[in-house]
Amino acid sequence: MKANEGKIIYINGPVIKGSQMEEFKMREMVLVGEDKLIAEVISIDDAIGTIQVYEETEGIELGETVYGLGVPLSLKLGPGLIGSIFDGIGRPLERIDQMNADFIPNGIGLLSIDLDKKWDVAFKPSLGDVLAAGDIYATILESGLVEHRLMMPPALSGTVAFIAENGSHGANEVVMKITDAFGITHDIRMYQEWPVRKARPSKHRMKISKPLVTGQRVFDCFFPIAKGGTAAIPGGFGTGKTMTQHQLAKWSDADIIVYIGCGERGNEMTDVLEEFPKLIDPKSGKAIMERTVLIANTSNMPVAAREASIYTGITIAEYYRDMGYHVAIMADSTSRWAEALREISGRLEEMPAEEGYPAYLPYRLAEFYERAGYVTTLNDQEGSITVIGAVSPAGGDFSEPVTENTKRYVNAFLALDRKLAYSRHYPAINWLTSYSGYVKMLGDWYVTNVGEDALVMRNNAMKLLQEESKLLDIVQLVGEDVLPDSQRLVLEISRILKTGILQQNAFHKDDSFVPIAKQFSMLKVVLHLYDRAKACSELGIQISRIKDTELFERVVKMKYSIPNDYKETIDALIRDIDGYYDALMSEYE
Amino acid sequence: MLKEYLRIDKIEGPLIFLKGINEAKYGEIIEISVEGQRRLGKVIKIDAHMVVAQVFEGTSGMSTVNSSVRFTGQPLTIGLSKDILGRMFNGVGEPIDGGGPIFASQRYNINSRPINPVARQYPRNFIETGISTIDTLFTLIRGQKLPIFSGNGLTHKELAAQIVSQAKIASESEQKFAVCFVAIGITKDDGAYFVERFEESGTINNVVMFMNYADDPVTERLSIPKCALTAAEYLAFEADMHILVVMTDMTSYCEALREIASAKEEVPSRKGYPGYLYSDLAFIYERAGMLKTKNGSITFLPILTMPNDDITHPIPDLTGYITEGQIVLSRELSNKDFNPPINVMPSLSRLMKDGIGEGFTREDHPDLANQLFSSYSKVLDIRSLAQIIGEADLSDIDKHYMTFGKRFEEEFVSQGFSTRRTIEESLNLGWELLGELPPEALDRLNDELIRKYYRRK
């Protein structure tokens, strides 16, 4: 038997053990059996190696061969990623469907992006130029929205010894040759191979300073997410995690979106595939699919590939970040990934920690979230990765290990609330239990780009909502009528904040995405209404007069009635509010 | 390959352990002959030279020496043809109605391959069930998996039978519609109830039945959903039919899974269920759907009884994370004799957003559904307030809500198991009920819809 071949002695679901595996390395990619199923070495005990298999193991036979490939699980990164959908280990699902219609077969090997497809390439350097690691040497228009920048491999620098002509090239061609400091010449192809579990290098990390503008009021106004930041969206089933993630993928102002459907429903991925090509990005006028990469490991696909899907996604994100792009990565859901860890750990008969999860769960979570960040790339550009992970806590209970540990590593926590979802308050983000550590970090940005008073308005609105929640406790016991008018006014204004501002209709043409300036103008209208109404209330005017049903309804419905290029109509609304209260006050003076 | 092993080393519950095996495939079927009587088993673990297999018909009567084991090298397959309609099968796909074997040109592996998400057709066609709450508030879509979360003793049987007999699942085209009914660990009485209802509604010849009764072997509970779904896939994707799969009770399936897992001495996770319960359930539920290249569809209506009516129990919890919504039954409504006792608040259909409204049902449907939800949730708040301060002290608007809530439950929810309402009738009834509320309470509806449909009481 050869050094890189082992023999199967144990099979239990996706976990296989082989003997005679002394020379296999940890995390090495291996092929299993006659079908050459793709797998990875996850532990070694003397000559016995344990392997997790990324495909279905039914039919694998005792004594079959395990072939070592000598390299860790890697991805081919190059043009052709954008607009495509891949499985958990980076195989293009469209090509799989062409090979085998409708169902995903076993043993199709390690497919990657299409290396033969011709791209129109424009090269930058000329012969004799010196290129450093990570330098951009050519560009390709990969989609209507994304310019693909071909980069030097992160560990190579040297002199250009050969460079191809501008024009049509396939990713597999040698388009450049580089002579390094030792005089060795390296062939450069238009793709890079990178191990998924290893973070790609960057020059240095920068301070968080810009928000990821999402067009969603509850995010941008109340709980902002930063470019290069991390956020978790936990929620029980039916609270709208996936809807919220989809909204962020559709509308946030990142250059590239990597969407990982990790252990979720097949139809959700189909929905994305059908909807994204039709949705138009408000800035560029192009379909948002042209900036999106999809990774799908649906819940019925092999569980070990689910564990890998998160890494596949973030490696692709890092590759585009290195070109100088702002990338947002949505992982729906990290709980399924954690459960995949638990399942494999259980099959390995490891000692479980909390709720059966392995003891290394927190470390794995940290490893993933820490790959987010705002950096200077090797080629001295700014790029970022924003990670937004959905969490599906068992039973909707946020004290379970995945939610608890995720909280330790993320800076923004958007808690979805079952009660809000039941009353169809969407997005069902609970404003009392959510938080964002980025509010302070982004203070300067809000002052320069929105207005001096932006965060003051936010805080005033938050205070009102806090007060409302206390008042509601009392109302639950004694009813609303016994409250003094000043407090009833707080309830009324909070109602407007909830229905008019926090609720956002994803299916309405104007409300699905709202520019940040309009968001704060809307907030200003509500707070202005409160100020004027409060002044009247202090004069002793009765709440029944202060609360003009028609005026209040107009404020609630401004999200539908005022289009996104709004300016005059919002001013008119403020004038009408002033007009009404001026008249009311003059009556009482 | 066709060696016979004459000795079993260990028998434990439904599992047998064989040592000294040199050739075995993971997941292959073994044939066991126990004193001349044939049983089937499946290899579930291979460890060096020991093979663990589960025996479908159970291990009773087996000893270490009276049985011989033969490895077939094949996974569990069933033979399928169009003749399966109107027939009844057991958990390993063998006919049990005395009607003789199925003559099939091809056998199908019961563990089908996962559907490629690229090949799926996103479900958009509305199924009219004739039940107001379902049609209006959590619309069933062809190709959807929508479970019924019930409790012991609640009327999920009646509801499932009502959906089967009332649903207009077939489209305008000539396509045929059939039901695949799967019983997992249910009582013989419940099984008989379904057969009787199928006969009454004249669908019996369009039903293929897979039966595992409460006293049938536990191991067969694990294979029966897979056999049934393989049959459903055959009918949907090869015979171009629209299939409605009704499966009851998923809780028995999960319990069987737990029993086998603990017999295998696996590390348990929540409530003793194995850590792979989610993946395992997903393999079943995700087989519902539609394909771009095929005309048929599989709509999946699994029924599960929530232990102790607890929706956070792992079985309903994990199911809810996989399925596209859920219909939750309420003991409180059932006790008040509201039928079907559907608890509106936690019920949901994730696919309805793309299958309702203009061009599908009626333009007011999405907003009306939203308004009914939001108004009814207000009713529940007001009721808890009324319990403290008394109904007489409620404000006027709150009193309107109380009337609305009462009528909503009595007329909209409780329509009875034999009434069929068209979607038009259901929507109009919704508007009539909203007439109990003043116009300013309708914050989810736009002025145009209000003008067109709303009539204040």
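Two strands are said to pair if DSSP finds at least two bridges between them, where strands (E, at least two residues) and helices (H or I, at least four residues) are DSSP runs numbered from the N terminus. The structure is a predicted model, in which local features need pLDDT of at least 70. Residues are numbered from 1 along each chain as its sequence is written.

In chain A, strand 19 and strand 24 pair in the parallel sense over five bridges, and Pro234(A) stands opposite Val391(A) in strand 24. Strand 19 of chain A also runs parallel to strand 25 (residues 412-413) of chain A, to which two bridges join it; here Ala232(A) stands opposite Phe413(A). Five of the five residues of strand 19 of chain A are buried (under 20% relative accessible area, 1.4 Å probe, protein chains only). Thr230(A), Ala232(A) and Pro234(A) lie on one side, and Ala231(A) and Ile233(A) on the other.

Helix 7 (residues 361-369) of chain A is largely enclosed by the rest of the structure, because seven of its nine residues are buried. Among them are Leu365(A), Phe368(A) and Tyr369(A). The elements covering these buried residues include strand 19, strand 24 and helix 5 of chain A.

In chain B, helix 6 (residues 277-285) and helix 7 (residues 314-322) pack at an angle of about 50°, with their axes 10 Å apart. Residues in contact (heavy atoms within 4.5 Å) include Leu281(B) in helix 6 and Leu318(B) in helix 7 of chain B.

Terms used:
Chains lettered and ligands numbered in written order. Predicted model: local features only at pLDDT ≥ 70, side-chain atom pairs only at ≥ 80, totals over all residues. Heavy atoms only, no water. Buried < 20%, exposed > 50% of the residue type's maximum accessible area, 1.4 Å probe, protein only. Axes fitted to C-alpha atoms, helices over the stretch in contact; angles between N-to-C directions.
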